Structure formats: C-alpha cells, structure tokens
Amino acid sequence: MNASLPAPMRADIMGLAQAMRQSGALDAVPLNLTEAQWQSLADFVQPVTLQQGQVLIEQGVKDRTVYFVETGSLTVHYEDAKERVRIALVGPGSLLGEGAFFSHLPRSATVQAGAPSRLWCLTPLRFRELSSRFPPIALELSVAMAAVLARRMYNRPKRVAVT
C-alpha cells in the first residue's frame, strides 16, 4: 500500500479508532493516536471481514500477523495435552495474534468468529515498513500491544486469548 489510498478507504480505519476508544474491556488496546496518525496507520493495515464460524487463526500454525478487532466477537479455543478446551472471548477494541507477533512461535490457540466481524491485520513486514516511515506510531502500537499481552497474562481467564 502507499500514501495515495483513496480517502474513503483510508477513512474506514476511524471505526477501529472509535472501537478502541469506547471499549471498556480488560484487553482493550490503549492506542493513543491523533486522527492524522490513524490515517497514516491506515496505509499499513488491511481490513478483514469474517462470517460467523469462520476461522481466523489456527493453533500450531506459524504466522505472526496481528489483528485488531473493530466489530463482532471472536472465540479463542485452546486444547491442552489432556484434551481440555479453554475458551476466551475477544470483542471490539481488542487484538488477536500478539503472542506470535512478539514471540515468533506458532499460534497457541484457534480463533473463530462468534459473530460477523471486521478486523484490521498488520503483518510483520508492514510493521517494519511502518517502523521505518513512522517510528512514533510504531512505538505507540508496540507499547499498546505489549500492554494487552501483559494484562492477559496477569488475568488467568484471558491468558487463552494470547495467540
């Protein structure tokens, strides 16, 4: 992508900004960007639309893409060695995939849309490009994702959501 995206496409990201500002969830992304910074970020993320039941992330797959949830709800399923399934719910204003993004390890759980959902994805390559062109935005994004990761690790029921 480049900075010449059409205005309607670039404006779409403001729904994500609003979802993050309005979310009161424990794992809401505390991303404090100006509108201009959100518009710059729009050049590096892609919208993803899921139908109910559609799988976004599969446990064991090696992929480091991170997803930011604008609308909908997603279920996170983890099956341990004793075949016990653990579930967490993730909603608007939060993210998925931060565990693999930071660790470079395979996905730790499967994520499926519990309802029709709209997300924004950021690949490691696009993050590196963002880091070179807009270091303050990349730093703010990294700190916000790490904050969500830390909150999930401290909250036992939300640990399953670290994918």
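Modeller: A residue is called buried when its relative accessible area is under 20%, exposed when it is over 50%, and partly exposed in between, computed with a 1.4 Å probe on protein chains only. This is a predicted model, in which local features need pLDDT of at least 70 and side-chain atom pairs count only at pLDDT 80 or more, while totals for chains, interfaces and linings use all residues. Residues are numbered from 1 along each chain as its sequence is written, and side-chain values use heavy atoms, with hydrogens and water left out.

Biologist: Are D27 and R152 buried or exposed?

Modeller: D27 is buried, because its relative accessible area is 1%. R152 is also buried, with a value of 0%.

Biologist: Which residue forms a salt bridge with E70?

Modeller: The partner of E70 is R118, and their closest N and O atoms are 3.1 Å apart. This pair links distant parts of the chain, namely strand β8 (residues 117–122) for R118 and strand β3 (residues 66–71) for E70, 48 residues apart. R118 is partly exposed at 22% relative accessible area, whereas E70 is buried at 12%.

Biologist: How far apart in the helix are E129 and R126?

Modeller: The side chains of E129 and R126 meet in a salt bridge of 2.1 Å, N to O. Both lie in helix α5 (residues 124–133), and because they are three residues apart, about one helical turn separates them. E129 counts as partly exposed at 30% relative accessibility, and R126 as buried at 14%. Elsewhere, salt bridges with shared partners join D12, E70 and R118 into one network.

Biologist: How are aromatic pairs read?

Modeller: Rings of Phe, Tyr and Trp (its six-membered ring) pair if their centres lie within 6.5 Å; planes under 30 degrees apart count as stacked, over 60 as edge-to-face and the rest as tilted. The whole structure holds three aromatic pairs. For F101 and F102 the ring centres are 5.4 Å apart and the planes stand at 85 degrees, so the pair is edge-to-face. F101 and F127 also form an edge-to-face pair, at 5.4 Å centre to centre and 90 degrees between the planes. That pair links helix α4 (residues 98–103), which holds F101, to helix α5, which holds F127, 26 residues apart. F101 is buried at 5% relative accessible area, F127 is buried at 13%, and F102 is partly exposed at 35%. F101, F102 and F127 form one aromatic cluster.

Biologist: Which residue lies over the face of F101?

Modeller: A charge sits over a ring if NZ of Lys or CZ of Arg is within 6 Å of the ring centre and within 35 degrees of the ring normal. Here R64 lies over the face of F101, at 5.4 Å from the ring centre.

Note on methods:
Salt bridge = Lys/Arg side-chain N within 4 Å of Asp/Glu carboxyl O. Helix = DSSP H or I, 4+ residues; strand = E, 2+ residues; numbered from the N terminus.
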